[in-house]
Amino acid sequence: MDRLDNTVRPYAWGSTTAIPALLGTEPTGEPQAEMWMGAHPGAPSRTDRGTLAQIVAADPEKELGPASVAKFGPRLPFLLKLLAAGAPLSLQVHPDLTQAKEGYEDEERRGVPLDAPHRNYKDANHKPELICALTEFDGLCGFRAPDETADTLDGLGVASLKPYVDLLRAHPEDAALREVLTAILTADPEEMSRTVTETAAACERLGGAYAPYADIAHHYPGDPGVLAAMLLNHVRLQPGEALFLGAGIPHAYLNGLGVEIMANSDNVLRCGLTPKHVDVPELLRIVRFEAGDPGILRPEASPDGEEVYDTPIDEFRLSRYVLPEGTAAHDLTLATPQILLCTAGTVRVGPHDLTPGASVFVPADEKTEVSGSGTLFRATVLT
C-alpha cells in the first residue's frame with residue numbers, strides 16, 4: 001500500500017482554518033478549499049512510486065482488480081476529498097451519464113476547446129457525489145415545495161418578488177419551478193440586481209430562516225443565484241450525517257468541513273453564485289424540476305463495525321470505522337481498490353500510522369489490517 005501526499009486546492013471559497021486545524025498545521029492565511037485523494041489528472045496524489053495516476057496506468061488490473069477494470073475501465077473511478085467551505089460554492093447541477101456523453105460529443109464535434117470558459121462538458125462521465133459532515137455543515141439541496149417558497153418570498157415584503165410568488169402558486173409543481181428559475185436567470189441584469197439587493201436587506205432584517213440567504217447575498221451581491229438559492233432546501237448536517245447529490249439536483253455547499261467522494265468527472269452546469277459561465281438553456285435541460293426532502297443520510301452499521309453510507313451508484317462506496325481504544329484489529333482486505341483516510345485519533349493501517357488528514361491507497365487484494373483508536377473513512381467501488 002502507498003501513503004499518499006495530497007494536493008490542497010486554494011479556491012477562493014475555501015476556509016483558511018478548517019483543513020489546517022484537522023491536519024494540525026499552522027494556517028497560511030490563504031484559503032484551503034479541497035484536499036484531493038485519488039488519480040484525477042488535475043492533481044493526482046503522490047507516492048514513493050510516482051503519482052497514483054502513473055501507478056494505476058502502469059498496471060490497472062493489479063492495482064484496481066479485474067472486476068473494477070471490467071466494469072469501469074483502467075482508471076480509479078472515484079475521487080475522495082476533504083472539502084472546507086468558508087463561503088458559498090457556486091449553485092450547480094451535474095448531468096446524468098447519457099447527458100454527459102451527448103454533451104461531451106456535441107462540444108467535441110463543434111470544436112469547443114476543453115479549456116474554453118464556456119465549455120460545459122470536460123469529459124463524458126456523470127458526477128454523482130456524496131458529502132459527509134465532519135463539522136456542522138450547511139448546504140442547499142433540491143427544490144423546496146413551490147407553495148413553501150412562495151410563502152417565504154411573500155414574507156419578505158419585496159414588491160418585485162410578487163411575480164415569482166404568483167408563478168409559484170399558480171402552476172403545477174414542475175412547471176412552477178421551471179418558470180420561476182427561467183425567469184430569474186433571464187431577467188434584466190440591472191432589475192435583478194436591484195431585486196436581489198432589496199431581498200438581501202429584508203433577509204438581513206428578518207433573520208431566522210432567512211439568515212442563510214442574507215449570508216449568500218453578502219458574498220454574491222446582486223447575483224441572481226441568491227434568488228435561485230431561495231428555491232432550494234436549506235440543510236444543516238451534523239457530524240456523521242451526509243447528503244447524496246444525484247444528477248439534475250441543484251445544490252451548493254455553504255459552510256463547513258466534510259469528506260466528499262464523487263465519480264471522476266469535472267462536468268458542472270452552474271445556476272449562479274459564480275463569475276463563471278452560466279449556460280441557461282443547457283442548465284434548464286439538465287435540472288430535474290422536482291421538489292422533495294433532501295434526504296439526509298445516516299450510516300448503516302454492519303456487524304464488523306463498518307458504517308456504510310448507502311447510495312444508488314457503483315463508482316464509489318463510502319464508509320467509516322469509529323475505533324474505540326482497545327479495539328481488536330480489523331481485516332479490511334478487498335478485491336477492489338481502496339483509499340483509507342483518518343479524520344480523528346491515530347489509526348494503524350498496515351505499516352502506516354495515520355493521524356488526521358493522512359491517507360493511504362490500498363491496491364485490490366492487498367492484505368489490510370487496521371487497529372488503533374480513531375475514525376477511518378474507507379472509499380472503494382461496487383463491482
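Predicted model: local features only at pLDDT ≥ 70, side-chain atom pairs only at ≥ 80, totals over all residues.
Reader: Within what arc do the buried residues of α9 fall, seen down its axis?
Author: The buried residues of α9 are M192, T195, V196, T199, A200, A202 and C203. They line one face of the helix, because seen down the axis they fall within an arc of 165°. Residues three or four places apart in an α-helix point the same way, because there are 3.6 residues a turn. The face of α9 turned away from the buried side carries the exposed residues E190, E204 and R205, whereas the arc of the buried residues is 165°.

Reader: Which helices do the buried residues of α9 pack against?
Author: The buried residues of α9 include T199 and C203. The packing partners of this buried set are α7 (162-170), α8 (173-186), α10 (211-219) and α11 (225-229).

Reader: Which residue caps the N-terminal end of α9?
Author: At that end, the backbone nitrogen of E190 lies 3.2 Å from a side-chain oxygen of the capping residue. Just after α9, G207 takes a positive phi of about 60°. The residue that caps the N-terminal end is D188.

Reader: Which residues have the most contacts inside the largest nonpolar core?
Author: The largest nonpolar core has 47 residues. Apart from it lies another core of 34 residues, among them V69, F78, Y309 and L341. Leaving aside neighbours within four places in sequence, L156 touches L161, T199, A202, C203, R205, L206, Y210 and M230. Inside the largest core, the residues with the most contacts are L140 and L156.

Reader: Which backbone oxygen does the side chain of T47 reach?
Author: A polar atom of the T47 side chain lies 2.9 Å from the backbone nitrogen of R49. The side chain of T47 also reaches a backbone oxygen at 2.7 Å, that of G50.

Reader: How far apart are the end C-alpha atoms of residues 3-144?
Author: An unreviewed UniProt entry annotates residues 3-144 as "domain: Phosphomannose isomerase type I catalytic". This span is 27% helix and 24% strand, and its end C-alpha atoms lie apart by 43 Å.

Terms used
Residues numbered from 1 in each chain as written. Heavy atoms only, no water. Buried < 20%, exposed > 50% of the residue type's maximum accessible area, 1.4 Å probe, protein only. Helix = DSSP H or I, 4+ residues; strand = E, 2+ residues; numbered from the N terminus. Arc of directions from axis to C-beta. Contact = heavy atoms within 4.5 Å. Polar contact = N/O pair within 3.5 Å; in protein donor to acceptor, adjacent residues only side chain to side chain. Core = buried A, V, L, I, M, F, W, Y, C linked by side-chain atoms within 4.5 Å. UniProt positions renumbered as here; feature names shortened; annotations may be inferred.
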